[in-house]
Amino acid sequence: MLESNTKLPSEKKNLLKKCKDLIFTDHSELYGRNYVTEEVEEASKITVIAINVSSGIDGVSIFPLLLYSFKDMGPIGILPALLLALAQTKFTNAMGRAVATRKPGNRVWSTLATVSMLAMNIIMSLTSLVAPELSLNQTHLAELKAEELANEQEIKVNRVQPDLRAVNDAEGKCKEFQEKAAAYPEGSPARNDYFIKANGLYQEKNRDWRSVLVEDGQAKVPFCPLAKLLREDALKVSQAAKADWESKKAQIVQSASYIVGIKQVMPALYEQHFDSSGQLISGTEATRLAIQSTTTKLMTGNWNGLGFSLLFFATSVITSAGACTLAIAHSFREDIQMSFDESLQIKLDEFLEDN
């Protein structure tokens, strides 16, 4: 029974080691077997620590972005986000290993790996600026979205134009019949007929055509007064929409925040973009706003608003620069190159055979 209990922790340790080795680089992978000294091992340990720490920080920085990008998939979204973050970490480590093990047979490969490693570290360092904003500033991002929605709504309302199609038809008929009436002499029956169609009877010039329109419909109103009435109605609809928005806008501005105002004034729009706790539903939208917010703060010099982001960015830059520099320097060490020199092993074998 005791043997079974001691075996279980050992299996767990082996499993953890296999998982670690699957993602991270071991120092023994950074040198050959033909010339191994304590200095070679020590240099390789330092270099591999730098590579693994750098890639680990990069993996942590990109995970929130990936997680929020897959948020729309629900709880299952954590799986592809985690796999991609681990894949990125593995890729960066692999490139670091290729850079650090530069030797005569793979110098082109090592050069390509150097370019890839530098490019990946630059991208990941920039990502580290956005990650804290996305992870720690969700309330601010939701407020930005609410403000965007309010601005978009105002633009839509301002673009609303009155529907003047019926007005244009009535004005066209009014002008047509007035021109036809003018073509006939005074007292002509045709002139009177066209005049009545355009303006109504002479004695009706002061008539309340609004009442006629309401009670009897458009067919009973001459075209010229009809065009005027229809234009007034069309403008009222447009003005009413703008007045309604101005009232809602005032309520939003006077609220504790834009998101509270949107929830009170336009609940349907709120439910479309926010959950019950006021957080953004769409992870993709949250990521976009995090990038936008970070860029704005950088361009406006709002360093206080980027506190932790700048710290995380500086850490990523320093570790990435250190990993790249150490990996390149490691590959040019004479003893590291000797460790890959197969001729040394041949000479050693010959020496052993002779003795």
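1. Helix 2 and helix 3 (residues 78-100) pack with their axes 9 Å apart, at an angle of about 155°. Axes here are lines fitted to C-alpha atoms, for helices over the stretch in contact, and angles run from 0 to 180 degrees between N-to-C directions. Helices are DSSP runs of H or I with at least four residues, strands are runs of E with at least two, and both are numbered from the N terminus. Helix 2 and helix 3 are therefore roughly antiparallel to each other, a label for angles over 145 degrees.

2. A word on the source: this is a predicted model, in which local features need pLDDT of at least 70 and side-chain atom pairs count only at pLDDT 80 or more, while totals for chains, interfaces and linings use all residues. Residues are numbered from 1 along each chain as its sequence is written, and side-chain values use heavy atoms, with hydrogens and water left out.

3. Back to the helix pair: which hand does the crossing have as helix 2 passes helix 3? The crossing is right-handed, that is, the near helix is turned clockwise from the far one by less than a right angle. On the helix 2 side, the contact (heavy atoms within 4.5 Å) is made by residues including Ile51, Ser55, Gly59, Ile62 and Leu66. Helix 3 contributes, among them, Ala81, Ala85, Gln88, Thr92 and Gly96. The residues of this contact divide into 10 nonpolar, 9 polar and 2 charged; Ala, Val, Leu, Ile, Met, Phe, Trp, Tyr, Cys and Pro count as nonpolar, Asp, Glu, Lys and Arg as charged, and the others, Gly among them, as polar.

4. Isoleucine 62 deserves a look of its own. This residue sits in helix 2 (residues 38-69) and counts as buried, at 14% relative accessibility. Buried means under 20% relative accessible area, exposed over 50%, and partly exposed in between, with a 1.4 Å probe and protein chains only. Neighbours within four places in sequence aside, isoleucine 62 is in contact with Ala85, Gln88, Met124 and Thr127. From isoleucine 62 to isoleucine 123 the C-alpha to C-alpha distance is 9.8 Å, across 61 residues of sequence.

5. Now the charged pairs. A salt bridge is a side-chain nitrogen of Lys or Arg within 4 Å of a carboxyl oxygen of Asp or Glu, and by this rule the count comes to 15. In one of them, glutamate 154 pairs with lysine 249, with the closest N and O atoms 3.0 Å apart. That pair links distant parts of the chain, helix 5 (residues 138-159) and helix 9 (residues 223-254), 95 residues apart. Lysine 249 is partly exposed at 28% relative accessibility.

6. Aspartate 233 and arginine 210 form another salt bridge, with the closest N and O atoms 2.9 Å apart. Here helix 9 is linked with helix 8 (residues 209-216), the partners being 23 residues apart. Aspartate 233 is partly exposed at 26%, and arginine 210 is partly exposed at 24%.

7. Aspartate 244 is partly exposed at 41% relative accessibility, and lysine 248 is partly exposed at 25%. Elsewhere, salt bridges that share partners join Lys145, Glu148, Glu285 and Arg288 into one network.

8. For the overall picture, the protein chain has 15 helices and 0 strands. Of its 355 residues, 36% count as buried.

Terms used:
Parallel < 35°, antiparallel > 145°, perpendicular 65-115°, else oblique.
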